[in-house]
Amino acid sequence: MKTDQDARPAGRGLRQSMSDLHSWVGLLLGWVLYAMFLTGTVSYFKDELSQWMRPELPAQIQVPDPAVVAQRIADELGTVAPGSPQWSLRLPDARNNSVYAFWRTAGAAPGQRAFGEGNFDAATGRTVTSRGTLGGDFFYRFHFQFHYMPVVWGRWIAGIAAMFMLVAIVSGVITHKKIFTDFFTFRWGRGQRSWLDAHNALSVFGLPFHAMITYTGLVTLMALYMPWGERAAIRTAAERQQLTAELSAFIQPGKPSGETAPLASVEDMVRQAQERWGRDNVGRVTATHAGDAAARVAVARGDGGRVSMSPQYLEFEGSTGRLLAVHEGVGAAAETRGVLYALHLGRFSDSVTRWLYFLVSLAGTAMVGTGLVMWIVKRRQKLPDPERPHVGFRVVERLNIAGIAGLSVAMTAFLWANRLLPVTLADRANWEIHGFFIVWALTLLHAVLRPAKKAWVEQLWLAAALLALLPVLNAVTTPRPFWHSLGAGDRVFAGMDAMCWALAGLHAALAVRTQRHQPKPRPARKPVREPVNGAVLREG
Amino acid sequence: MIHLSSFILCLTGFAALAVAMDRQQHDLFGRSLPAPATASLRAGGAAALLGALGLLVAWQGWGLGLVMFSGHTSLGAGIVHGAIIGGLRMRAKARGG
């Protein structure tokens with residue numbers, strides 16, 4: 001930070017200011033951002049992760065006809081949740097091997113649980129039981145609301161971090177003076193310069209994605225961060241209901257008539273939706289007061305193939321199956337929100353696009369990671385005594401180890417806990433999560449106690465070993481080893497094993513590189529750097 | 001198939017654009033290519049990227065097409081960059097560098 005002081009004119013250039021801003025907004029919440037990015041990245045496969053974490057549910061090789069399944073589960077819900085004011089079921093698709101449903105409990109007294117939920121077998125309609133786990137939803141929820149704190153606090157922290165990220169992206173673009181000239185530049189073995197080139201490449205190649213995902217992340221929670229417009233405009237219950245209708249396909253239960261009338265064929269209703277949107281593009285069926293003459297049923301369009309989360313659904317009279325309304329559009333403001341929301345979640349993706357989302361998001365994670373490491377690399381060269389760095393340097397260095405390598409260890413440990421914890425353990429789903437945090441805390445302790453380089457290498461090797469052995473653990477603890485999955489065409493389990501080995505290879509390569517790295521002696525400094533905007537660009 | 005075609009177009013497009021850059025020409029060939037060759041590479045690279053965009057938009061419309069194009073370009077550019085780094089490293093190792 002003290003370089004070139006003598007040569008610098010009094011005025012500070014815009015790029016220099018942006019460089020400083022970029023360094024500090026990138027650092028202050030960098031570990032939070034790294035964790036948000038990585039857990040968000042794996043969430044693009046959260047449904048597959050959830051399948052892997054519930055090995056009791058059989059693999060779904062072919063998607064059953066959603067119309068038949070809808071009728072089957074609706075019948076079952078009539079038994080499981082009789083008289084429910086509202087139930088809703090998510091139909092099976094290529095990524096979900098069971099039907100998830102939730103319902104409001106009829107006549108729940110104050111203090112009683114007002115909701116029920118369950119997973120159902122699409123083939124039989126019966127409730128399926130599996131080990132207690134949050135599955136891939138843990139990483140998904142963690143990436144925007146964290147854990148062990150009120151949800152609202154977590155979302156605020158995520159929002160502040162995302163805003164920092166947005167500032168870091170804009171200031172980074174301004175700072176990076178040679179985006180096009182240096183587009184394919186990588187200077188190997190040049191220490192800080194190599195880190196900068198890697199950071200730039202990871203940032204620039206995925207820049208449209210990184211900017212989009214950060215901005216749309218803020219939009220998904222905009223009603224929390226900026227509620228004032230909504231509060232000013234939406235005042236009555238009717239207006240609130242109108243707003244809900246613009247944002248969601250859940251029809252709200254009105255008052256029952258008290259007159260019994262069986263629910264008409266749900267299969268026929270879903271067939272009508274299939275004619276409109278395609279056989280496998282019906283997402284959800286919601287019914288209110290099923291079994292009452294005032295019943296209503298909404299059949300919502302799936303997310304596939306359209307870049308919008310705005311609700312589209314057919315509304316039926318429950319007792320007759322008569323089509324009452326076709327909801328296929330929302331207002332311009334709601335549609336803008338729907339498009340931005342959809343861009344963030346990427347649920348419209350086919351499998352290739354999902355992989356593109358995953359890989360570019362992984363590059364975004366690496367962008368944050370290289371930025372954090374670069375903060376250390378830059379400053380190490382300027383330390384008066386590298387053997388005795390100042391406290392700030394040591395804090396960042398240790399947090400980097402636990403925040404980057406330690407997170408890989410902890411996330412893999414979460415998956416190990418899923419296979420190792422007894423199925424009968426009370427509060428099992430939460431213990432998987434506790435396991436994740438306990439291991440993460442231990443990596444921080446390890447990072448503090450060990451010399452930095454050794455801590456990096458040991459944690460990277462540990463992550464590589466845990467990842468490489470996870471398919472072995474899976475083979476030992478479930479009847480679905482890799483060779484069986486491959487033979488049975490079970491792409492979720494086979495893909496998970498293959499992915500673990502690929503990620504193990506990546507961590508092993510990083511461990512080897514770190515192990516072999518020998519810091520070069522400090523180069524002689526040039527007296528004056530290239531002038532920028534009338535000032536001198538400092539790199540620190 | 002459209003995905004594959006678009007990806008190959010992005011890959012070749014960025015490869016051409018990379019070779020059209022002065023630094024990469026010096027790294028790869030030890031000299032600058034003649035100006036007409038550079039201009040052709042640049043035009044060909046841009047045309048390949050536009051071709052990929054056209055394919056995807058014609059297939060899926062502007063919304064989804066642009067999203068897919070963004071993914072293919074990011075991945076294509078990353079792989080070209082990786083290939084250049086790998087190629088130069090192999091050459092340096094072969095020379096004992």
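This is a predicted model: local features need pLDDT of at least 70, side-chain atom pairs count only at pLDDT 80 or more; totals for chains, interfaces and linings use all residues.

How are H3(A) and H19(A) oriented to each other, roughly parallel or roughly perpendicular?

Guide: Let us begin with the two helices you picked. Helix H3 of chain A covers residues 46-53, and helix H19 of chain A covers residues 491-516. Their axes come within 9 Å and cross at roughly 100°. Angles of 65 to 115 degrees count as roughly perpendicular, so H3(A) and H19(A) are roughly perpendicular to each other.

Now look at the residues that meet there. From H3(A) come A:Glu48, A:Gln51 and A:Trp52, and on the H19(A) side they meet A:Val492, A:Phe493, A:Gly495 and A:Met496. Sorted by class, this contact has four nonpolar, two polar and one charged residues.

Helix H2 (residues 30-42) and helix H15 (residues 391-420) have axes that come within 10 Å and cross at roughly 5°. Angles under 35 degrees count as roughly parallel, and H2(A) and H15(A) are therefore roughly parallel to each other. On H2(A), the contact uses A:Trp31, A:Tyr34, A:Ala35 and A:Leu38, while H15(A) brings A:Leu399, A:Gly403, A:Ile404 and A:Leu407. By class, the residues here divide into seven nonpolar, one polar and no charged.

Stay with H15(A) for a moment. This helix has a kink of about 45°, centred on A:Gly406. H15(A) is also mostly covered, with 21 of its 30 residues buried.

Stepping back to chain A as a whole, the domain assignment gives two domains. Domain 1 is built from 66-131 + 246-331, and domain 2 runs over 388-521. The C-alpha centres of these two domains lie 40 Å apart.

One more stop in chain A is A:Arg337, which sits in helix H13 (residues 332-345). A residue counts as buried when 20 or more other C-beta atoms lie within 10 Å of its own. A:Arg337 has 22 such atoms within 10 Å, so A:Arg337 is buried.

Chain B comes next. Its secondary structure comes to three helices and zero strands, giving the pattern α-α-α when read along the sequence. The C-alpha trace of chain B spans about 50 × 30 × 15 Å along its principal axes. Of the 97 residues in chain B, 39% are buried. Among contacts in chain B between residues at least 6 apart in sequence, 67% join residues at least 24 apart.

Finally, here is where the two chains touch. The contact takes 21 residues from chain B and 20 residues from chain A. On the side of chain B that touches chain A, the elements giving two or more residues are helix H1 (2-19), helix H2 (22-29) and helix H3 (35-94) of chain B. H3(B) gives the most to that side, with 16 residues. By class, the side of chain B that touches chain A has ten nonpolar, nine polar and two charged residues.

Notes
Residues are numbered from 1 along each chain as its sequence is written. Chains are lettered from A and ligands numbered from 1 in the order in which they are written. Domain bounds come from an automatic or database domain assignment. Axes are lines fitted to C-alpha atoms, for helices over the stretch in contact, and angles run from 0 to 180 degrees between N-to-C directions. Helices (H or I, at least four residues) and strands (E, at least two) are DSSP runs, numbered from the N terminus. Angles under 35 degrees count as roughly parallel, over 145 as roughly antiparallel, 65 to 115 as roughly perpendicular and the rest as oblique. Two residues are in contact if their C-beta atoms, placed from the backbone, lie within 7 Å. Ala, Val, Leu, Ile, Met, Phe, Trp, Tyr, Cys and Pro count as nonpolar, Asp, Glu, Lys and Arg as charged, and the others, Gly among them, as polar. The bend at a residue is the angle between axes fitted to the seven residues ending there and the seven starting there. A residue is buried if 20 or more other C-beta atoms lie within 10 Å of its own, exposed if 12 or fewer, and partly exposed in between; C-beta atoms are placed from the backbone.
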